Amino acid sequence: AIDVSRSMKAEDVRPTRLEAAVAAAKSFLAQVPPKFRVGVVSFADRAAVAVPPTEDRELVVRALDSLRPGEGTALGDAVLVSAGLGRRQRSTDGSLPPRAVLMISDGAADGGVTPVEAAAARARPQGVPVYTIVLGTPNGVVEEELTGGLTRIIRVPPSPETLQMLADATGGTLFRAAGKQQ
């Protein structure tokens, strides 16, 4: 699940938070064994399935490359949609494959159900841990062009606390993004 909210346009993580999130997702994808299905959920003011779980890695990469910034940050909705994806079908050996959500965000929830409510409603009862990666620095800002040539600067500090609560509520872990953050 990748945050595509307005705050992900901030350049405190180079080149932008969103581009860093996509790069992190692609790096993760390269490490996932081919037998596992991977899906992509994007979220801004609502959560949307960009590609349902599939073994087709090229399709996943194309979905990641198509992500564009929006408004709002429906973290909880993203948990509901992500945890609900993919039926647990038995493997040929009779075992149940694991399910998990990797959420890459700056963590500032804005709209939709709360992340912890969503975790309690869907992820935790289904045994789906949510692993979170927080991007951003306290100095993150987004500049918006206004009419008349004016620019509005909006502070967009990350909220690792929100992502930590979400991870804790589902048995996941919070990670901080590595790389150059200004």
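This is a predicted model: local features need pLDDT of at least 70, side-chain atom pairs count only at pLDDT 80 or more; totals for chains, interfaces and linings use all residues.
**View 1. The salt bridge between arginine 6 and glutamate 71****.** Glutamate 71 counts as partly exposed at 41% relative accessibility (partly exposed lies between buried, under 20% relative accessible area, and exposed, over 50%, with a 1.4 Å probe and protein chains only). Residues are numbered from 1 along each chain as its sequence is written, and side-chain values use heavy atoms, without hydrogens and water. The closest N and O atoms of arginine 6 and glutamate 71 are 3.5 Å apart (a salt bridge is a side-chain nitrogen of Lys or Arg within 4 Å of a carboxyl oxygen of Asp or Glu). Arg6, Glu71, Glu144 and Arg152 are linked in a network of salt bridges.

**View 2. Salt bridges of arginine 17 with aspartate 12 and aspartate 106****.** Arginine 17 is buried at 0% relative accessibility, and aspartate 106 is buried at 1%. The N to O distance is 2.9 Å for the bridge to aspartate 12 and 2.8 Å for the bridge to aspartate 106.

**View 3. The largest nonpolar core****.** This core has 22 residues, of which Ile2, Val60, Leu64 and Ile104 touch the most other members (a nonpolar core is a set of buried Ala, Val, Leu, Ile, Met, Phe, Trp, Tyr and Cys residues joined through side-chain atoms within 4.5 Å). Apart from this core lies another, of 21 residues, including Met103 and Leu174.
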